Amino acid sequence: MALDPARYAELFRTESQDQLAAINRALLTLEMERDAPAAAAAVAEMFRAVHTLKGMSATMGYQAVAEFAHELESLLDRMRGEGRRPAPSVTDALFGAVDALEAGVAEASETAARSPAMEAALGRLTVAFNQPDAGEPARVSGAELREEIVVRAAHRAEEIRLEIDLAHE
């Protein structure tokens with residue numbers, strides 16, 4: 001009896017939509033919630049759903065989505081460890097990352113590469129996450145962000161063009 005990959009791809013997309021809905025609900029809670037324990041619970045819910053999406057993507061051979069979800073999961077794990085409400089800049093960056101994750105799931109295939117939107121979302125999230133709070137400048141300089149992006153591109157054996165205005169540093 002042969003396995004039907006299309007059947008499993010459709011199941012992946014259906015199950016992914018459930019996880020993405022959970023992530024979006026938790027993200028909306030995180031945006032509105034002022035109580036640190038409730039915010040921590042929302043971060044934990046997002047972490048679990050992203051973790052599940054990562055596993056499902058890896059099982060299907062959708063490496064681009066699995067790798068993106070892994071990096072998002074790592075940042076969410078750091079947030080869980082802090083146990084406090086994240087800065088609004090982090091919440092805003094998470095919205096972009098979730099949008100990129102949704103698009104990645106919609107376009108997922110064994111041959112799909114990580115999209116520029118995924119790379120940009122991770123860059124924004126990394127910068128936002130390294131801010132002491134929403135009112136202070138980021139700890140990550142433009143040069144450090146550029147280096148991080150170049151390292152990621154080299155790791156993925158891709159060429160990218162990157163322009164960063166360092167005049168404000």
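Let's start with S74, which counts as partly exposed because its relative accessibility is 35%; here buried means under 20% relative accessible area, exposed over 50%, and partly exposed in between, with a 1.4 Å probe and protein chains only. S74 sits in helix α3.

A quick word on what we are looking at. This is a predicted model, where local features need pLDDT of at least 70, side-chain atom pairs count only at pLDDT 80 or more, and totals for chains, interfaces and linings use all residues. Residues are numbered from 1 along each chain as its sequence is written, and side-chain values use heavy atoms, with hydrogens and water left out.

Now the overall picture. The chain has six helices and zero strands, with helices (H or I, at least four residues) and strands (E, at least two) taken as DSSP runs and numbered from the N terminus. Of the 169 residues in the chain, 41% are buried. Contact, for us, means heavy atoms within 4.5 Å. Among contacts between residues at least 6 apart in sequence, 72% join residues at least 24 apart.

Back to α3, then. This helix has 20 residues and spans 29 Å from first C-alpha to last, close to the 28 Å expected at 1.5 Å a residue; the expected span is 1.5 Å times one less than the number of residues. Which residues of α3 are buried? They are A64, V65, A66, F68, A69, L72, E73, L75, L76 and M79. Just after α3 comes G83, with a positive phi of about 65°.

What does α3 pack against? One partner is α4: the two axes are 10 Å apart, at an angle of about 155°. Axes here are lines fitted to C-alpha atoms, for helices over the stretch in contact, and angles run from 0 to 180 degrees between N-to-C directions. α3 and α4 are therefore roughly antiparallel, given that angles under 35 degrees count as roughly parallel, over 145 as roughly antiparallel, 65 to 115 as roughly perpendicular and the rest as oblique. α3 passes α4 in a left-handed crossing, and the contact is made by V65, F68, A69, L72, L76 and M79 of α3 with V90, L94, A97, A100, L101, G104 and V105 of α4. Left-handed means that the near helix is turned anticlockwise from the far one by less than a right angle; clockwise would be right-handed.

F68 deserves a moment of its own. Leaving aside neighbours within four places in sequence, F68 touches A97, A100, L101, R114, M118, A121 and L122.

That brings us to α5, which has 14 residues. The axes of α4 and α5 come within 9 Å and cross at roughly 160°, which makes this pair roughly antiparallel too. The crossing of α4 past α5 is left-handed. Among the residues that meet here are A93, A97 and A100 in α4 and M118, A121 and L125 in α5.

Finally, the core. A nonpolar core is a set of buried Ala, Val, Leu, Ile, Met, Phe, Trp, Tyr and Cys residues joined through side-chain atoms within 4.5 Å. In the largest one, with 42 residues, I23, L30, F68, L72, L76, L94 and L101 touch the most other members. Helices α1, α2, α3, α4 and α5 each supply at least two residues. Which helix gives the most to this core? That is α2, with 10 residues.
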